[in-house]
Structures are given as C-alpha cells and as structure tokens.
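Student: Can you show me how to read charged side chains in a protein model? I'd like the general idea, then the real case.

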Amino acid sequence: MSLLIIKWFPNTLQKNSAPRDVFFKKLKGEYTQEYVKNLFKSSGTYMNSEKDTFDSLVVDEAHRLNEKSGFYGNQGEHQIKEIINASKCSIFFIDEYQRVTMKDVGDIQTIKHFAKEFNAEYKEMKLESQFRCNGSDGYLSWLNNVLEIEKTANFDWEDNFDYEFKVVDSPLELKEIIYNKNKRNNKSRLLAGYCWNWDGKGKNDPYVHDISIPEKNFEMSWNLNNELWAIGETSIDQVGCIHTSQGLEFDYVGVIIGEDMRYEDGEIITDFFKRARTDQSLKGIKTLYKKEPEKAVKIADEIIKNTYRTLMTRGMKGCYIYCVDENLQDYFKGKLA
C-alpha cells in the first residue's frame, strides 16, 4: 500500500458534486453514463469497501474531504481512512487554503496519520507551478498576501502577472463586464460570497432575486436548479456561490464580496454573523462561539478568507471584483496602485 500527497494542484474522486455533474454532462456523448459515473465517484463511496479493492484512487480537492459520510453526516468512520483502505495506491491532491466549510477535514497531517495506521509508505510532493489563473503564480501569491492568508513577497501588483484584475465601483458595472465577456463563448460567470439567503421558493424561479444591494439598484438570483449552472446557456443571468464553482474554472469571473469581509483599522476583518442563515458552510459556528469565542473567530476567519480566495481564482484569464464594504473596496484599489 502506498500514498502520494500532492500540494497545490488545481483541479478523480470528488467531494463536491458540481464538478462531477459537469464531467457527467460533458462526457456523456462519448461514453455511457454508467461508465462515466464509475470514473468519478463521491468521496463517501468507500465506507464498506474491502481492503485494496482498487489499484488506485485519485482524490481531487482532498481538502474538502469530510470525516463522516451520508446525507446526515453520520455514516462511516473517516473518509480519508476509508479511501486509503480501499486502494493499493491513493493519490491526494490538496490545497489547504481551499478548505471552505467547518466539515472539511482534509489536511496533510491527517492523511499521514492514517497512512501510518495502515503501515503504508507515503511520499509528499509540492507542485511549484500550476495552470490556474493563466499560470500566474505571482497573482496567487499576491492574492494570499492581500487577503492576509499568508505573507508573501508579492505585496504589490505587478504588470508581469499576465492576469486581468480590476476593482469596479458598482455591481451593475461588474455585471455588464461579465455579460460582455460571456458573449464570446459562455465561459464567464458572476460569483458572490454567501451573504444572501437562498430560499427554496426561488430555486427554480428566475424572477425571485435573492441577492439585493438596494443602494446600488442591483438584484439577481442565485443559480437555479433547472440546469447545470457552470455550463448552462442562461447561467449568466444567475450568480454562483462557492458550492457551485469550486473545482471548476471559467475564462472570467466577477466576484461580489459581501458584508462578511470588511476593512477597518488597517486590517481585513471577517464577520460570520453577516453570512446568510441558509449557508451550511459555518453550521455550528455560533454554538462554538458561545463556548470558545476565540476558536470560533479563528475558524470562521480562515473559512471566509479561503472562500473568497477560491472564488477569486476561478477565472483562468481574469477576475473583477466589487466590495460591498467601501473601505475594503479602497483597500483593494490601493493594492493595485
């Protein structure tokens, strides 16, 4: 039994259903649906697998793995342990800066822990470069620094990043830019932080506008359930969130940064109280806050920053942003000066 742990790899085992649904749709014309679905499995598939059932399992987005499986999150022992047990060779692609919910438990130390439990050999590698964001490692490094996720040498914007990035002054301008980009090939999308409720009554009704910024005369719907948002013909009229975009790439993205992130007293402040009540990413954080406030704030801060980092790296050619908080808007503009 062996393992290979690879850090910093963009997007075959997937925890998130959004990429799997796109794979099924795109490949269905050449292969049978059953064949394709056997290639791309959910991470909770291996609870009852016999030891070494598979020669190899490739785990994409391993940072999104959960401890438990099933609809209610109460089945199995631990997804990482089950995957290692099920295969002779397990390959984990991981970016720990993309953990975006409280249930995400995929990290290198946990993988190593279970590898030792199985007496498995493991090798850790780090990919020094990538193809995300036009292959601009400089942009990714700059973004980590700007979001105060990690201090890097890229604290100023450089023209040689070879990536389009712009802060716009209104969500309407953001919408217009992405609409125009999308006319080329239907590969540009609007995204937003999960700061607006996603009520059931609007999930199939484009006339229900969940996202509203009244002071800017802006209203739009979250993505609907009646088509695959990432590749749908009418998806440009809807806004995607972290759950429908992570693991996928587009040509250009327009990101609305909501009230859960602001800038004050010289630093970025995250505020989980500004998240929508329908958001499950931080489920349980308020209970934890009552018991251990410092721990809760630290966890929420990491998840919120990781969420925006992930949204702002979905564009292969460019990213445009609008911030609800004016101070944060000015902060980003200052980083581009």
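Tutor: Let's start with salt bridges: the structure holds 18 of them. A salt bridge is a side-chain nitrogen of Lys or Arg within 4 Å of a carboxyl oxygen of Asp or Glu. This is a predicted model, where local features need pLDDT of at least 70 and side-chain atom pairs count only at pLDDT 80 or more, while totals for chains, interfaces and linings use all residues. Residues are numbered from 1 along each chain as its sequence is written, and side-chain values use heavy atoms, leaving out hydrogens and water.

Student: Which side chain meets Glu302 in a salt bridge?

Tutor: That's Arg99, at 3.0 Å from N to O. The two are 203 residues apart, with Glu302 in helix H9 and Arg99 in the loop between strand S3 and helix H4. Helices (H or I, at least four residues) and strands (E, at least two) are DSSP runs, numbered from the N terminus.

Student: Is Arg99 buried or exposed?

Tutor: Buried means under 20% relative accessible area, exposed over 50%, and partly exposed in between (1.4 Å probe, protein chains only). Arg99 is buried because its relative accessible area is 18%. Glu302 has 30%, so it counts as partly exposed.

Student: What does Glu249 form with Arg314?

Tutor: A salt bridge, with the closest N and O atoms 3.2 Å apart. This pair also links distant parts of the chain, 65 residues apart. Arg314 counts as buried because its relative accessibility is 0%, and Glu249, at 28%, is partly exposed.

Student: Which residues are linked in a network of salt bridges?

Tutor: Those are Glu77, Lys81 and Glu117.
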